[in-house]
Amino acid sequence: MKVAPSMLSCDFSKMGEETRRISKAGADLLHLDVMDGHFVPNITIGPSVIASIRPCSELPFDVHLMIDDPLKYAEAFAKAGADYITFHVEASSDIDETIEKIRSLGVKPGIVLKPKTPAEAAFPYLDKVDMVLVMTVEPGFGGQSFMEDMMPKVRALRNEIDRRGLSTLIEADGGISEKTIAACSKAGVDIAVSGTGVFKAKDPAEAIRKLQSY
Ligand code: DX5
Ligand code: ZN
């Protein structure tokens, strides 16, 4: 299992330091949650903050856009240093156009499914994206409880990706910790996002290693 700590749970008063600390702790990617106060009822960070922490880590930046119009802002996040840009299929931008735009910027595109959105919503795009992100909480806040009932959705995506011989990655996000990682692994998740599970652990490096062992 690859592990992407979510910076949403870091100490924002020292974000550069936190970025260095968690990168050195053995993370595989860094997950950055962008919220606009429209698509979700919370506001977080934008391109300028991401650009400012870019020099603090060599890890791939996995930018999760929870915003209404990802097409409009894709370029700003690419310039800020994103390696992956994932956006919600429930957002208002045209999905194919947004995927193409992200790819044209030299960034790997991914799509995200909210809990109520079925696996089939991702099927038309599986060969066009590098990643499908399955939300295991309602997007908007860290520290929520893992929705185990999302595992059949992960399994359906895993089966379809394997059936077509694709290498599209499956990421899961929300409430993932030592207690819930086994279910993710069993269902076929490739990358686990973990905010609280890593940042609130006594030893984040050990927490990352444990998650990676699944
Ligand atoms: C929720 C975010 C998640 C969240 C994960 O909207 O997309 O990335 O920060 O945090 P935990 O692991 O605390 O659920
Ligand atoms: Zn996220």
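Start by selecting helix H3 in this predicted model: H3 lies across S2, strand S3 (61-66) and strand S4 (84-88), and runs at about 160 degrees to S4.

H4 lies across S4 and S5, at about 145 degrees to S5. With both helices on screen, look at how they meet: H3 (residues 70-80) and H4 (residues 95-104) pack at an angle of about 10 degrees, their axes 9 Å apart. Because angles under 35 degrees count as roughly parallel, H3 is roughly parallel to H4. To see the contact itself, show the side chains of Pro70, Leu71, Ala74 and Glu75 on H3, and of Glu97, Thr98, Lys101 and Ile102 on H4. By class, this contact has four nonpolar, one polar and three charged residues.

Next, hide the helices and look at the sheet. Eight strands form an open sheet with parallel pairing, in the order S1-S8-S7-S6-S5-S4-S3-S2. Strand S1 (2-5) and strand S2 (30-35) are at the edges with a single partner strand each, so one side of each has no neighbour in the sheet. On average, neighbouring strands are turned by 25 degrees against each other, direction ignored.

Zoom in on S7 and strand S8 (residues 191-194), which run parallel and are joined by three bridges. Here Asp173 stands opposite Val193 in S8.

Select its buried residues: Met151, Lys153, Val154, Leu157, Arg158, Glu160 and Ile161. These pack against strand S5 (108-113), strand S6 (131-135), strand S7 (169-173) and helix H6 (181-187). Following H5 is Gly165, with a positive phi near 65 degrees.

Methods:
Residues are numbered from 1 along each chain as its sequence is written. Chains are lettered from A and ligands numbered from 1 in the order in which they are written. This is a predicted model: local features need pLDDT of at least 70, side-chain atom pairs count only at pLDDT 80 or more; totals for chains, interfaces and linings use all residues. Side-chain values use heavy atoms; hydrogens and water are left out. Buried means under 20% relative accessible area, exposed over 50%, partly exposed in between (1.4 Å probe, protein chains only). Helices (H or I, at least four residues) and strands (E, at least two) are DSSP runs, numbered from the N terminus. Contact means heavy atoms within 4.5 Å. Axes are lines fitted to C-alpha atoms, for helices over the stretch in contact, and angles run from 0 to 180 degrees between N-to-C directions. Angles under 35 degrees count as roughly parallel, over 145 as roughly antiparallel, 65 to 115 as roughly perpendicular and the rest as oblique. Ala, Val, Leu, Ile, Met, Phe, Trp, Tyr, Cys and Pro count as nonpolar, Asp, Glu, Lys and Arg as charged, and the others, Gly among them, as polar. Two strands pair if DSSP finds at least two bridges between them.
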